[in-house]
Amino acid sequence: MNMSAIDIAGLEGGRVNLTSKQLDELEARLEGPLLRPGDEGWDDAVLIWNGMVAKVPALVLQPTSAHDVAAAVGFARDHRLLLSVKGGGHNIGGTSITERGLALDMTRMRDVTVIPNAKLAHVGPGCLLKDVDRATQKHGMATVLGFISEVGVSGLTLGGGLGYLTRRFGWTVDNLEEVEIVTADGEIRTANRHENADLFWAIRGAGANLGVVTRFTFHLHEVGPTVYGGLVAWPFDRAEVILRAYRRITTEAPRELAVWLNLLRAPAAPFVPEQWHGERICALVVCYSGDLGNVDEVFAPMRALSDPVVDLLQEQPYAQVQSYLDAAEPKGNHYYWKTEYAAELSDRLLSTWRDLAAACPIPEAQLGILHLGGALNEHDGDDGAVGNRDARYACGVIGIWKPDEPEADTFPQWVRDAWKRIRPFSTGGNYINFQTADEDEERIWATYGANFDRLVEVKKKYDPDNVFRSNRNIAPRTRAGNA
């Protein structure tokens, strides 16, 4: 194909004019397609989950190999082009697409190879969580991934990663054995604890800043294929009792049990009695991956709460639990939230949580608490850039609304005001994958804490020109701004 010239966003701002000859030369080096607006597949390639931050690139490359990625990275570096990388496109900050830039859409690299005897899985960068769960569950195994099946493995992992199995096996990156990665110099490297160890350390929590991963290798654990879980909910007027019970349950829970708390309005879903549609409820989303013979004992404190509005707890496939919350976060809605890690659920935090939920004006909002702790707390603080080894809960004020919501202009400010009320209970850290586009550099520093300065040094070594900046960026300079 003879491609016409195009203006594309440059690294330093402004536009770079790429001639038709330059584009043809790039295309000749590729096996995967190079797309422009209007081409077949363009709309899917540029679609991202959060409709609030949708952007349109100038070009999309869909690589099929690490060599395609290397060619694209080298081309972007040489021509000083703004480059972004889309795995699943599920990041709330919309970092997987840059406006008028060159976007790598990794969806053609979606293979999963499971090696049961070695308890390993090789995973392509375009995979969604459901791709990995389905493949590994055929062997009764799983690794630590998130809890929305449409999320991309790449983004989740490179930011640290958390999910229902975090209590048993740590952050996702605690289960990462190795990566193949294309760095800013266009080289294809292998990184693990022994080879390019500094790069591997940084990838484990800040990986989007260091390159494009073209293969992940995860350690697998025996999990499933059947677990016990689902959703159970009670009326909001019992919130004080439910919240205190939640604290007790999560404090005493075995590591095989993870319990997410959501304070929200009940959806108009078939499993919710009609009289409860739109009413405020206290919901627990649960995954127990332990011995099913112990279910009665493990769930006794939850069952003691009695008289739920909805009770969907049952034995079911692990992969089904992993997709249980998909319908709560449909693609194209507007999402805006603020989150913090917490080490405990104090009386004041729980009462603040209840008050915020009671006053929340956003009809589809959720005030969520994710149950963490356990294995992640047993690693040293510098075991991977991810840090946050004191986290036992993740607390989030989650704004969700339709694109045509008439009151939407007021919603982000309500979320920010609510966030101010929960920040005093924070460990000081937060999850990089939950940061919104408007959060400042201090929030990035807070994410990595004592690991930040070391991260800067690794960034200087592998990406001194900050080619990989479409992310929650760690620039190759000190906090004071010096090179």
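These questions and answers walk through a predicted model.

Visitor: How do helix 11 and helix 12 run relative to each other, roughly parallel or roughly antiparallel?
Guide: The axes of helix 11 (residues 347–359) and helix 12 (residues 411–422) come within 10 Å. They cross at roughly 165 degrees. Angles over 145 count as roughly antiparallel. Helix 11 and helix 12 are therefore roughly antiparallel.

Visitor: Is the crossing of helix 11 and helix 12 left-handed or right-handed, and which residues of helix 12 take part in the contact?
Guide: The crossing is right-handed. From helix 11 come Thr-352, Trp-353, Asp-355, Leu-356 and Ala-359. By class, the contact has six nonpolar, one polar and two charged residues.

Visitor: Is Ala-5 buried, partly exposed or exposed?
Guide: Ala-5 lies in the segment before strand 1 (6–9). Its relative accessibility is 43%. Buried means under 20% and exposed means over 50%. Ala-5 therefore counts as partly exposed.

Visitor: What is the C-alpha to C-alpha distance between Ala-5 and Asp-24?
Guide: Leave aside neighbours within four places in sequence, and Ala-5 still has contacts, including Leu-18, Leu-23 and Arg-36. Asp-24 is 19 residues from Ala-5 in sequence. In space, C-alpha to C-alpha, the two are apart by 9.7 Å.

Visitor: Which residue in strand 6 stands opposite Leu-83?
Guide: Strand 5 and strand 6 (residues 102–105) run parallel, joined by four bridges. Across from Leu-83 stands Leu-102.

Visitor: Which residue takes a positive phi in the hairpin of strand 10 and strand 11?
Guide: Strand 10 (residues 176–182) and strand 11 (residues 188–191) pair in the antiparallel sense over four bridges. Val-179 has Ala-191 as its bridge partner in strand 11. Five residues lie between the strands. The residue with a positive phi, near 85 degrees, is Gly-186.

Key: Residues numbered from 1 in each chain as written. Predicted model: local features only at pLDDT ≥ 70, side-chain atom pairs only at ≥ 80, totals over all residues. Heavy atoms only, no water. Axes fitted to C-alpha atoms, helices over the stretch in contact; angles between N-to-C directions. Helix = DSSP H or I, 4+ residues; strand = E, 2+ residues; numbered from the N terminus. Parallel < 35°, antiparallel > 145°, perpendicular 65-115°, else oblique. Left-handed = near helix turned anticlockwise from the far one by under 90°. Contact = heavy atoms within 4.5 Å. Nonpolar A, V, L, I, M, F, W, Y, C, P; charged D, E, K, R; others polar. Buried < 20%, exposed > 50% of the residue type's maximum accessible area, 1.4 Å probe, protein only. Pairing = 2+ DSSP bridges.
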